[in-house]
Amino acid sequence: MSATRPLPEGTPPDVVARATHPPRVPEFDPALGIDVHIERRATPRHRLVAIGDSLLQGFQSGAVFHTDLSVPAIVAYELGVLPTFRYPRFGGPGGLPLNVEVLLRRLEDRYGAHPRPWQIPAALFTARGFMDEVEDYWERGPGAEPPVVGGYNHNLSCYGWDLRDALGKTAAICAAALETPVDNLLDQIVQNNGDRAALHVYPHWAPPQTAMTLFDAATALGDDRDDDADAGIETLVVFLGSNNALRSVTELKVEWSGPDFRDPDAKNAYTVWRPEHFDVEYAEVVGAVRAVSARHVVLCTVPHVTIAPIARGIGDKSGTRYFPYYTRPWVDERRFDAVRDEHITGAQARAVDIAIDHYNETITAAVADARRDGLDWYLLDTAGLLERLASRRYIHDVNARPDWWEPYPLPPELAALQPVPDTRFLTADGDGGRRTGGLFSLDGVHPTTVGYGILARELVRIMAAAGVEFRGPNGAVRADPSVDFERLVRLDTLVRTPPQNIDSTLSVLGWADEALDVFRRILHFGV
């Protein structure tokens, strides 16, 4: 598809206007070339605070579970403060809302790597039994009661939250949203799972706290400081905005935001925000961040939606950024039918990416403005990072590479793995290992543990350049702090020993989605 091909009918005028500009070039200087000199006094009490969505909460393979391996938790480990870093925990059979890795491993244990056709009805029964177990735990069992949150969490991230959710939702709103659960054999995804998960994050130990937003909680942490400290928080990381466009590929539907985009209920009809609407909400985010007493702030850009392998490109893209169509990764390209199979077109994908380029220009401008005002803010260009890792967009298509592009150098511990992890959908080799993928988990949207480690690595680099001290076990300052990828590889079950019933055709995931509607439900992110 040519880069000059007309955008689809119904594309907003502000996106059409932006299409006349070249695609955005990532910013590789986190300080944007603007020097800032700040006064440092005593080390702030709270070394790291994060406000974000699933990408900071630690969502993986359809569930939030191993929050001790989220990006902020990995950075806290390297800071040496993980024992005092407060983050939510999620128990039960694999977390919320449904852990696809646990489901596939149960099926593999019972039916092997390649179930026979006559075993499919029994496999369906087993899968439904697991989903019922998860639903019972969270709706009627031990997980039904919101936990006691005894202090402000340092990881204030909630999966599914878009900009408006982060600005407006509170524990009181989430608690009110919980409906009386119904044991529904046809809808076995935990009801209101996003609100249930949020009650593990938000403060709610007294009436004033139940009315707090995520930014209010961060402000309270920032105000908790010693008299001789310049701030209560040393580094505040904000990674929001992905869910203002991500549903365009998780639902394979492009619905542009309308004038009621700020309405908490009406906005659920939209899968991608018009740039002018994004700007209105991000301006409120910037205002809320400026009210938080933090020595350093890191804002993260929004990744382009067509790199995550949940939307698989179909057709010839030689020398261009986009495939003609994007559909589910388990759809056989030889049998793809644009009339029958769910998809978005390459032109639609380009329109969404153009909107995201505008989002990221807005985020970059917010950092530049703050630095000109003397605030020590930085940019983590997550979009540019993923572009440098994009297997099918650039690594395998040399002629599509823009002038600025160069491959991202993987940490030696990952580069030494066979096969080297990449951004394709994770598949198994039938012999206990991987065939493809390794940077994205089994939901095709969220990173694996080592994938999260790459984001943590970039945060560590920014923080170290800002003067944040990372200390070793003996208390000595580390001269060249990084991330312990040997540790993360050991803990990453998908990279080391993925379920072997994910074969090269992804048939088991296609079956799960067709028979159980798994992916549409878990990737709706609790809306």
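Which residues of H5 are buried?

**View 1. Helix H5 (residues 120-139) in the predicted model.** The buried residues of H5 are Ala-123, Thr-126, Ala-127, Phe-130, Met-131, Val-134, Glu-135, Trp-138 and Glu-139; buried denotes under 20% relative accessible area with a 1.4 Å probe, protein chains only. Helices are DSSP runs of H or I with at least four residues, numbered from the N terminus.

**View 2. Packing of helix H3 (residues 71-79) and helix H17 (residues 449-465).** The two helices pack at an angle of about 55°, and their axes lie 8 Å apart. Axes are lines fitted to C-alpha atoms over the stretch in contact, and angles run from 0 to 180 degrees between N-to-C directions. Val-71, Ile-74, Val-75 and Leu-79 of H3 make the contact (heavy atoms within 4.5 Å) with residues of H17 including Tyr-452, Leu-455, Leu-459 and Met-463.

View 3. Pro-275 is buried, at a relative accessible area of 3%. Apart from neighbours within four places in sequence, Pro-275 contacts Asp-14, Val-15, Ala-355, His-358 and Tyr-359. Pro-402 is 127 residues from Pro-275 in sequence, and their C-alpha atoms are 24 Å apart.

**Notes.** Residues are numbered from 1 along each chain as its sequence is written, and side-chain values use heavy atoms, leaving out hydrogens and water. In this predicted model, local features need pLDDT of at least 70 and side-chain atom pairs count only at pLDDT 80 or more, whereas totals for chains, interfaces and linings use all residues.

How values were computed. Expected span 1.5 Å × (residues − 1). Buried < 20%, exposed > 50% of the residue type's maximum accessible area, 1.4 Å probe, protein only.
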